[in-house]
Amino acid sequence: MEVLTNPLLYKELNQINMNILEMSFARIDREWNMKNVISPFVRIYYVQSGEAFIQYHNQTVKLSSGNIYLIPSHLEFSYWCDSSMSKLYAHINLLDYNNYDLFSGYDKCIVLTTKQPVINSIIQEWQQGDILSSLSLKSTLYQTVVEAILQEHISLGTIEEYSDLVKKAIQIIKDKPHQSLTAQTLAELLFVSPSQLQKKFRKEMKLSLGQYIKEQIMFAAANLLRDQDKSIKEISDTLGFCDQFHFSRRFCDYYGMSPSLYRKSILF
């Protein structure tokens, strides 16, 4: 008897997971209107009826009934509705070990056409709300993502293996992103010199340690803003900013809009 293992694949299977941030049914009208939206998550629209529009890179895409639309994370786009549209929508993250969304490098909307049976089925699963339906619903989401990747021939890269030092640094940053995190503080926690940590991190991650910390703080900020009960000041304090005005400036520089406007943009 022979058993073959693939340790790297096993680690990746346990790491890559679909985080469903929100899934709701919406009937939208002319109030669904926002310019220059950037989100750190993937939007999937299962359009049941009606129509609306999105625009990016000076290209306009009509959202029509019977189609599924996947809008990658970090794609800047505008959206509007001239009449009405009904859709089931999902906001998801597919994060790799580095805490980056797998779609973050893709720069156009993906359209899966003639999917009315799939749309009807997933809406029915969403309405039932039991455990079996929930499992089936998540399976449908995975199938949608895989079909989009195959249709567009998207390369997701290879499975990477990092040194223990870099993995520990990544984990600390992911667990508690904070303004106080620097090469110096991380190096002290990991019992190495700052220069050694920075050099190894850049070599393996292909970006600087400081840039990675900044990106993870902004990613955390966007996720915290989904909680409508948290004030912007509370979020600013949680992430270690000196005041909410500094936080707002940094957020605006990164996402192109204020935290309050971002909160509005992620609805529907």
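**A strand and its neighbours**

Modeller: Happy to. This is a predicted model, and in it Tyr45 stands opposite Tyr89 in β7.

Biologist: Which strand does that pairing involve, and how do the two run?

Modeller: Strand β3, residues 42-56, is joined to β7 by eight bridges, and the two run antiparallel.

Biologist: And how many bridges join β1 to β7?

Modeller: There are 11 bridges between β1 (residues 17-28) and β7, again antiparallel. Met18 stands opposite Leu94 in β7.

Biologist: Is β7 mostly covered or open?

Modeller: Mostly covered: 11 of the 11 residues in β7, which spans 85-95, are buried.

Biologist: Which residues sit on each side of β7?

Modeller: One side has Met85, Lys87, Tyr89, His91, Asn93 and Leu95, the other Ser86, Leu88, Ala90, Ile92 and Leu94, and all of them are buried. In a regular strand, side chains alternate between the two faces of the sheet.

Biologist: Zooming out, how many helices and strands does the protein have?

Modeller: The protein has 10 helices and eight strands. Its radius of gyration is 20 Å, close to the 18 Å from the globule rule for 268 residues, so the protein is as compact as a globular protein of that length.

Biologist: What share of the residues is buried?

Modeller: 45% of the 268 residues count as buried.

Biologist: Last one: how far apart are the mean positions of the positive and negative charges?

Modeller: They are 4 Å apart, for 27 positive and 28 negative charges.

Terms used:
Residues numbered from 1 in each chain as written. Predicted model: local features only at pLDDT ≥ 70, side-chain atom pairs only at ≥ 80, totals over all residues. Heavy atoms only, no water. Helix = DSSP H or I, 4+ residues; strand = E, 2+ residues; numbered from the N terminus. Rg over C-alpha atoms; globule rule 2.2 N^0.38 Å. Buried < 20%, exposed > 50% of the residue type's maximum accessible area, 1.4 Å probe, protein only. Lys, Arg positive; Asp, Glu negative; His and termini not counted. Charge placed at Lys NZ, Arg CZ, Asp CG, Glu CD. Pairing = 2+ DSSP bridges.
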